[in-house]
Amino acid sequence: MKYRKIIHMDLDAFFCAVEELKNPSLMNKPFAVGGSPTGRGVISSCSYAARKLGIHSAMPTAQALRLCPELILVSSRHREYSQKSKMVMDILADFTPRLEQISVDEAFLDVSDIQKESYAIALDIQLKIDFETGLPASFGVSTNKLVAKIANDYGKKQKGGNTYPRAIQVVEPGKEADFLAPLSVDMLWGVGPKTAEKLKINGIKTISALATANEDFLIAHFGKNGKFIKNNALGIDTRPVENSGEMKSVSQEMTFEHDISDIDVILSEMKLISEKLGSRLRKKNLMGSTVHVKIRYFDFKTLTRQISLSSPIDQDGIIYDHAKRIFMDHWNQKMPVRLIGISVSRFTQGEKQLSLWDTGEEKESKFLKVYDTLKNKYGNEVIKKGSSIQKD
Ligand SMILES: [Mg+2]
């Protein structure tokens, strides 16, 4: 039978690994990237040595320091992380165009067309990422996205240890359900903490128990999701790896390393996303007249809302203003946010109308053109716009 070869890649303690490259003396030490302990700062990524001491991401920094006074605190540098992330994604794209980036440090690849064993492909990718960026990465390999992702989580846990796991966990074709069977139900997608709790109360603790549970019972308790989680428990997942190849829209998104409720943090991230998005649109000479905002909450509920504009746009500030308006209209403040995305679609190719000369908007356009040129020439660090400088 023909089966797919799907790889899930996840960089190990990504932010920490980047910091360690800059400062090798951090190696094997308990350290964390996070906000200030005096404010409401939280840990966004922690080294494996720190994890051993009970530190985890999303923990308030002050609490982490109480728990572990020797913890070394490093402040985050998101631009640096984005650059490294892009390097990694470019390497993945060299292996296959069937690539789906799901966050700053995670992606799925469909390598069915590569005539090599899946394990060997994952190893090649791991070595290439290490060689070209110095970053450690782990891999899950299976016939679908669901099992590849869980295999990766599982492989990393198995490694334990004080340092980066660099795991490669393969689940052979036909062995998907067997592999999942002994694992805890909360390792499945679609099973959040609430669902897991409810399943456990009903005696369903392992994935095998879920796989053999009565479907009517599951549908009665969990609605449509009941059937979905049962299929997942059987290791069935037919979703394709969806590459963003076709240029119907340009989107940019960011998964927080922990769930965020602070509006200032969300808006400042949206500003950065708008800047990246604007710069990509202008590079491709595209202007779009629909703006979409994607909000994914802590429980993976995802909401996409859009507005149509009367004229096409490609400028950071204008993208941000529209995106902010959409976000403020639709955000459920009680729900912490896991991912935020902005995209622009409905493209009109080419330059602006001449009639717009000498308006403020046109001046901004000219400024952005110079800005983009300098950035391409000298890199992100040399030139920063006012709004970005304040943040750093
Ligand atoms: Mg990671």
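Leaving aside neighbours within four places in sequence, which residues is Asn144 in contact with?

## Asn144

In this predicted model, Asn144 is in contact with Arg4, Ile6, Gly235, Ile236 and Asp237, once its neighbours within four places in sequence are left aside. Asn144 sits in the loop between S7 and helix H6 (145-159).

With a relative accessible area of 3%, Asn144 is buried. Its side chain reaches the backbone nitrogen of Leu146 at 3.2 Å.

## Magnesium site

Asp10 (OD), Leu11 (O) and Asp105 (OD) coordinate the magnesium ion, at 2.2 to 2.3 Å. Along the chain, these donors follow the spacing D-L-x93-D. Both Asp10 and Leu11 are buried.

## Nonpolar cores

The largest nonpolar core has 34 residues. Ile7, Met9, Leu92, Ile129 and Phe139 have the most contacts inside it. Two or more residues of this core come from each of the strands S1 (6-11), S2 (31-34), S6 (106-110) and S7 (137-142), and likewise from each of the helices H1 (14-22), H4 (78-95) and H5 (118-133).

Another core, of 30 residues, lies apart from it and includes Val250, Ile260, Leu277 and Ile340.

## Contacts of Met9

Met9 is one of the residues with the most contacts inside the largest core. Neighbours within four places in sequence aside, Met9 is in contact with Val88, Met89, Leu92, Asp105, Glu106, Ala107, Leu109, Ile129, Ala137, Ser138, Phe139 and Asn152. Among these, Asp105 is also a magnesium ligand through OD, while Leu92, Ile129 and Phe139 are listed with Met9 for the most contacts inside the core.

How values were computed. Residues numbered from 1 in each chain as written. Predicted model: local features only at pLDDT ≥ 70, side-chain atom pairs only at ≥ 80, totals over all residues. Heavy atoms only, no water. Donors = N, O, S within 2.8 Å, 3.2 Å for Na, K, Ca; no water. Buried < 20%, exposed > 50% of the residue type's maximum accessible area, 1.4 Å probe, protein only. Core = buried A, V, L, I, M, F, W, Y, C linked by side-chain atoms within 4.5 Å. Helix = DSSP H or I, 4+ residues; strand = E, 2+ residues; numbered from the N terminus. Contact = heavy atoms within 4.5 Å. Polar contact = N/O pair within 3.5 Å; in protein donor to acceptor, adjacent residues only side chain to side chain.
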